[in-house]
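This briefing goes with the structure shown below.

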Amino acid sequence: MNDMIIVLRSLRVRLLASSVTVAMVAIAVALLLVLMSLREAASQAFRRGTGNIHLLVSADASPLVGVLNGLFYANAPANPIAWGKYEEIKNSFPWQWAIPTQLGDSFRGSPVMATTPEFLSNFEPVSGQPFQYASGKSFAEDFQVVAGSQAASEHGLSVGQKIVFSHGTGGSREGGHQHADHPYEVVGILKPTGSAHDRALFTNLQSTWIIHAEDRRENAARAEHEAEAEEDHAGHDHAHEHEHVEAADLTDADKLMTGILLRLPTRPGSDASASIAAQFDRLRRDMAITVAQPAQQIGRLMAIVGDIDWLFLAMAVVVLVSSAISIMLAMVASMELRRRQVAVLRVLGASAWRVFALAITESTLIGLIGAILGAFLAIGGSAIASTILAQRIGITVAGTIDPRSAALVMAGAVVLAALAGIIPAIKSYRTPVARHLRPIA
Amino acid sequence: MKVASSAQTSDTLGIDISGLHFAYRRGFQLSIPYFHVASGEHVLLAGSSGSGKSTLLHLIAGIDDASAGEIRIRGTNILGLHGAQRDTFRGKNIGMIFQTFNLLQGFTALENVMMALMLAGYSSSQQRSRAESALSKLAIADPHSPIEMLSVGQQQRVAVARAVAGEPCVVLADEPTASLDPANARVAIELIKEAARAAGAALIVTSHDPSLREAFTRIVEVSQFAPTEAVR
C-alpha cells in the first residue's frame, strides 16, 4: 500500500469522470501537437521544393503566384514566356544554369512539367539533395516521361508504361482535351523528395510544343472549314485531316514556356551568391516578366499563414486550459465523497498536507495519462492529416512531431493539471475530520 | 467523578484526561475535570445522544480541539501536538471503529487494513503480514474481495481489524453497534473487546444502547462528567 495506490483507486472509483477528464486532456494535447507539427511541417514542405534556385522568372501577376504556380504546381500559369525572352535572359548573364519550364498539361490531375533534362540533373528540390531515380532514367527523347514518386504511386505507373496527357490542370481527373495521338512512355520513376515535385511528371519541352502546335493548327483548320462551309452550301465533304507536326516544323511562336529557373554561379559548398540582389533588380526592370526570389516569397507566405495558425494554436491552448478546468470541476463535484475518504485517511494518521498532496497527485496523474494518450493520438492524427493534406493540397507534410515541443506541450498539460488540483487539494486540506466521519444522515 | 476517581492514576500507559473543557458552537459545553482509563481497561461511555460521548472520543483521538485541558495517551498530551505530529501520533497509537465502519470504497478488505498500517508507519512487508494476520484472526474469508462486496457483518470485522492491526494502545469505538440488531450487537461488542484485549489496548466504547451495559464492568455516564445544560 502506498499513496499512489490510494490515488489510482480514487480514480478508479470515479472511473467515468476520470476517463472523461483524461480524454479531454488527451484531445487538447493531441490538438496542440498536431497543430504544432503541421505548422512546422507545412513551413518545411514549403521550404522544400524551392531548392537550389536563386531566381524564378515567370509571366504571372505576382512573384508569389509565380512561385506557387511554377514550383508548387498550384495552377497552370496563364501567361506564357516567349522563346526569344528565354534566349535573351539566358544570354544576359553567365548563369550557372537557366532551365526553361512549361506547365499546362496534366495526367489524371497530376501536373506535367515540360522542361529540359537539366531540371532533373541540375535542379535540386532540396539544396544538396538532387533528384534520384527509384527506377529507370531521365527522359532523353521526345514523348518520354519521368514520374515523381507520388504521381507514380498514385497512378500505379511503372517504367515502360504508355500514358496520355490531357490539356489543362485542375481537379478533374479525366477533364480537358486529351492528347490521345501522342502517348508518352514512362522511362523513369523518381524517389520521394518531400517536395511538391513528387506530385509531378516531367517530360521534355519539344514533345509538349509538338502537341500544342498540332492542336493549334487543327483548331485553325477547323475554323477555316467552318467558315468555308457557311459560304458553300453545296456541302463539299471536307474530311478533317490530322495535322502532323515534326520538331523541325516548330516555329518560335510554338516554343512557349511558363517559367525560367535560374541559378547564379556560387563557390563550391555555398548556396548563396553576392550577385543575386543585383540580378534580381536588373530582371525586375523588365515589365514583361515577373521575377521572384523563391525562398523570400515562401518566407513572406509563411509570415501571412503564420498569423492564422497562431490563432489555431491559441485555440488549442484554450482547449488545454478548459480541460484543466474540467479536471478541477470533476474533482470538486466529487468532493462530498472525497471528504469522507479524506476524513478516514486523517483518522488513520494521514496529515492534512498528505491529503493535499494526494489531490494534487490525482489531478497531475490525470494530466500525465492524458498527455501520454494525447501524444499517441497526435502521432495517429498527424499521419491522417498529412495524408489528407497531400491529397488535397499536394504538399507533402511529414507528420512528425518535434520531440522537444512535444515534451513542452506535455509538460504544460501536466503542470496545468497539477494547478487544477489546487482547489480540490485545499478543500481536502481543510476538511473538518470529525464532521465527515459521522453516519450520512 | 466517583467512577473516574477510583481508577489507577499511576498508570501512564493508559489515558489521562485532566481539566478538559470543550465548548460547542451552539453554547453547550463539555467539561471533564479528571478521567483515567488504564492500559487494557474497557470502558463503556453511556448517555443519551447529544450528551457529548462522540465529542469526547474525537477529543481523545485529537480530531477535535479542546479549549483547555490535557489528554495524555502513553504520557503524551495529544492536544499539545500539532499538525502532522498529532496525525502521526494518532495513526500509531489510536485505532477507531465507527457506526458506519468508514471503510474505503474501491479497496479490498486487505487494502483497507494495510492503508491504516501504512499510515501508522509500517513497512510494506509488515503491512501485508500484519493485515493478513489481523483479518484471519477476525475470520475474514476473502481478504482480497472489494470491501463493498462483503456482508455487513464481515465489513464490521474488517473495521475492527483495521483498528487493532497496528497494535494501538487505545481503541475508540463510536456507537459501533447502533446499526445492528441486539443479538448481533452483542456479538460485535465481544469481538471488539476481544480484539482490544489481544492488542493490549485500552478500549472506550460509546453507546446509547442500555443492553450493552452487561458487557462492561466499568460504565461511565457522560452526564457524570459534565453539566449538559447550556451556559447562555
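Predicted model: local features only at pLDDT ≥ 70, side-chain atom pairs only at ≥ 80, totals over all residues.

**Interface of chain A and chain B**

- The contact involves 24 residues of chain A and 26 residues of chain B.
- About 2,200 Å² is buried between chain A and chain B, and carbon and sulfur atoms give 65% of this area.
- Of the area that chain A buries against chain B, 32% comes from M1(A), V347(A) and L348(A), more than from any other three residues.
- Two salt bridges are counted between the chains; D87(B) and R346(A) meet through their side chains in a salt bridge at 3.2 Å, N to O.
- On the side of chain A that touches chain B, α1 (3–13), α10 (335–348) and α11 (352–392) of chain A each supply at least two residues.
- The largest share of that side, seven residues, belongs to α10(A).
- By class, the residues on that side of chain A are 14 nonpolar, four polar and six charged.

**Sheet in chain B**

- Five strands of chain B form an open sheet with parallel pairing, in the order β6-β7-β8-β3-β9.
- Its edge strands, β6 (94–98) and β9 (218–221) of chain B, each pair on one side only.
- From one strand to the next, the twist averages 20°.
- Five bridges join β7 (residues 170–174) and β8 (residues 202–207) of chain B in the parallel sense; V171(B) has L203(B) in β8(B) as its bridge partner.

**Helices on the sheet**

- Helix α3 (residues 83–93) of chain B packs on the sheet and touches β6 and β7 of chain B, with its direction at about 75° to that of β6(B).
- Helix α7 (residues 182–199) of chain B lies across β3 (42–46), β6 and β8 of chain B and runs at about 160° to β8(B).

Definitions and conventions: Residues numbered from 1 in each chain as written. Chains lettered and ligands numbered in written order. Heavy atoms only, no water. Contact = heavy atoms within 4.5 Å. Buried area = accessible area lost by both parts, 1.4 Å probe. Salt bridge = Lys/Arg side-chain N within 4 Å of Asp/Glu carboxyl O. Helix = DSSP H or I, 4+ residues; strand = E, 2+ residues; numbered from the N terminus. Nonpolar A, V, L, I, M, F, W, Y, C, P; charged D, E, K, R; others polar. Pairing = 2+ DSSP bridges. Axes fitted to C-alpha atoms, helices over the stretch in contact; angles between N-to-C directions.
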